[in-house]
Amino acid sequence: MHTELRRPPAPRTASACPPTEGQGAPGQPPEGHVLAVGTPGPRRERLTRTLEATGYAVTHAAPGEVGRSVEQTPPDAIVALDGPGVEQSVAVVREIRTAPQGQVLPLVMVTADREPTGVARLLRSGADDCLPEAADPVELSARIAAKLHRVPVPVERLALDPRTGLYSAPHFRAELDRELRRPGSRPGRRDGVLAVVGVAEADVLEERFGARVRREVAERLAGVAERLGNGSDRLGWDEEGRLLVLMPGVDEETARRALAEFATTVAGTRFVVADENVRLTPAVGWLPLADADGHAVGRAGDAVAEALRHRDLRPVRYEPWMRGTSSRRRARKVVRPFLLALSPLLALLIGVGVPFALYEQAYAVLGWDVASAVYWVVVAGLVLSAALILLECLFSLDAPTRPATPAQPYPPASAVIAAYLPNEAATIVDTVESFLRLDYPGDLEIVLAYNTPHPLPVEDTLRQIARRDRRFVLLPVPGSTSKAQNINAAVTRVRGEFVGIFDADHHPATDAFRHAWDWLSHGYDVVQGHCVIRNGDSSWVARQVAAEFEAIYAVSHPGRTRLYGFGIFGGSNGFWRTDLLARIRMHGSMLTEDIDSTLRALAEGARIATDRTLISRELAPTRLRPLWNQRSRWAQGWLQVSLRHLRRALRSSSFTHRQKAGLAVLLGWREVQPWLSLQILPILLHSTVRAGGADRIDWATPACLLALAFTLSAGLVQTAFAGRLALPELRRRRGWFWRYALVSTVFYTHFKNMVARESHLKELLGDRRWRVTPRTAAKAVGQE
């Protein structure tokens, strides 16, 4: 496919050369249609008379009106008068070249000043020719005719596209080769980076608009890269329409940050492509020039293929395992199965055995009673945890209420349901039908973004629903392995100004989108709703989770939002402004991609609200093992977020001191507390050894008893608040909350601490497998 720099002229019956006397022959059609661009006045009138005298039909446009004139009456060529200065003249050229039709038309500049530097500026800016105003009319006519009748030259055969400044693929590779052979560069010692940028939507756009759209997309990307880059960067495009970027003389970290900024900027920009407003998802693959050779562009392209799988805007550095395939996945770190099987014993060894040995050795060798000091640290820690829970309860009573009316009219909105279809086959149709019953005054589309390893019969049913109701859109995401990838694929396709994110087992309340806009229209960027369990009657585990969800969504989330000054996106039943979600995306490498997205959004200054009256009903695990897997993933995901964001957040100027205190609790203290609470065991063992038996320890120490009573009371108070603030349908189930309080005190709190400690060991051992969570005891299951 050749993308032509010039379009061929329309066939004419007249001679290609103008009449020798400078006049059009009587009775003959005009030589062509020329648009004369210039400020109305004597200069433009003289130019018009000259063009008409040499046989051209002329229309006019003033600076600032070129785009409309070209669209309404496309000319064969443009002749423009220069402005009062070089900058104004360059602005005229850029205006013409910005118009879609003006990008391919011959452009001749007529100047009052023949200064060489000014002429060079105009030619570099996109003019095809430049001649003085005093030139002979015959010369002007001949120059126009020469450009109209010249055989178009494919851009691929030019070193640089004179309009965009992009290198063609062969010439870009030649530039790369020159950089690699530059004097003073040695293999392994070169500074610089080569990047290739693909676009996830390229195939869809090509299917709709034709192959030329790839070139147009590359030009849009190049415009962003040129604006953000520096003068030494070199840009090109390859045969597949991907942008090529050569960044010499920069270190890897600087280049990675620059490429990440480029990707975020592109994702947050709406581009006009083929006369349509579209979002683009850049996929950036790169490698350092120190590792580059003759296959460097191909290897960076392999990294692009990996970036396209995730669509999370993160630049991907080429690694040898990516070579030669776009579907091969990175090999997981090998974890010895017996280490995972023994992780509970390993946790006891680390959390109990090692501290006990240290206490014994410190007392026997140095005479230090370290255990006594640690004991009071543990007591203080448990009291602090209980106090924070009680504060959350109190602050939840004063949580901000939803605005009574929207501040703006209801805009188009989108719902995205992320699904792994084999796991959702039994429930997905009911879920889709529940979404189609939503009551929203504006346009609402429901997008099912799903992946499946093989075709399923339920897909036929879903296609029938899509044909029946045009609001429902099926979006298969081939190659996806996570909820994050499904959401990333959907965010560029949705039409809504805001988007609600849901798991495949959610049934939102009919008024959910209306109430979400009440928040978003008043300046909020994200609003997290209240997730309610709808299968609590199915098992004692589901009832336990139903009460726990009220403690989380009715008490903790609203209380923390009020206490710390920020809300948290909980992964489902959350509503985002689409522009923000397009920039933030979801990172599939994170087991709790929702919390990771929260931190990145907050760092950008986003406002996140929590609304316990914004209801969506979901399914809970019905057995203990699936519950363990679910909570293990949550705990390990929180740890990943803490490791990635805590230090950076505490140093950032984006957060207030109050918010940093909240982040220290949520990301720091929550990781310490499960291990700190375990320290009571080695301390008691050490005290028993020192006292000569457990019967010789004074168990009735008043301070200890008070601390124990206060710690236990926090859970009871939180359960009481949850029962009081729960939905009426759950508030009537008082027995559920009483049982939850009892089970939590005796068993469930320790269960969650055990899960947290094991998840830390799994992260240390590199086990980051996603285990699907069954929702009910029946065949219908859901994916977290």
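I began with Trp576, which is buried, with a relative accessible area of 0%; buried means under 20% relative accessible area, exposed over 50% and partly exposed in between, with a 1.4 Å probe and protein chains only. I noted that this is a predicted model, where local features need pLDDT of at least 70 and side-chain atom pairs count only at pLDDT 80 or more, while totals for chains, interfaces and linings use all residues. Residues are numbered from 1 along each chain as its sequence is written, and side-chain values use heavy atoms, with hydrogens and water left out.

Next I looked up what touches Trp576, where contact means heavy atoms within 4.5 Å. Leaving aside neighbours within four places in sequence, I found Trp576 in contact with residues including Phe498, Asp525, Phe569, Leu581 and Met586.

I then turned to the nonpolar cores, each a set of buried Ala, Val, Leu, Ile, Met, Phe, Trp, Tyr and Cys residues joined through side-chain atoms within 4.5 Å. The largest has 43 residues, and Trp576, Leu581 and Met586 have the most contacts inside it. Helix α17 (residues 483-491) gives the most to this core, with five residues; helices (H or I, at least four residues) and strands (E, at least two) are DSSP runs, numbered from the N terminus. Apart from this core lies another, of 34 residues, with Ala413, Leu438, Phe472 and Val527 among them.

For aromatic pairs, I used rings of Phe, Tyr and Trp (its six-membered ring) with centres within 6.5 Å, where planes under 30 degrees apart count as stacked, over 60 as edge-to-face and the rest as tilted. My search of the whole structure gave 18 aromatic pairs. Tyr410 and Tyr440 form an edge-to-face pair, 5.6 Å centre to centre with 80° between the planes, and this pair links distant parts of the chain, 30 residues apart. Tyr410 is partly exposed, at 28% relative accessible area, whereas Tyr440 counts as buried at 9% relative accessibility. Phe569 and Trp576 also form an edge-to-face pair, with 5.4 Å between centres and 85° between the planes, and Phe569 counts as buried at 1% relative accessibility.

Last, I checked charges over rings, which requires NZ of Lys or CZ of Arg within 6 Å of the ring centre and within 35 degrees of the ring normal. The charged end of Arg607 sits over the ring of Tyr524, 4.0 Å from its centre, and that of Arg670 sits over the ring of Trp638, 4.1 Å from its centre.
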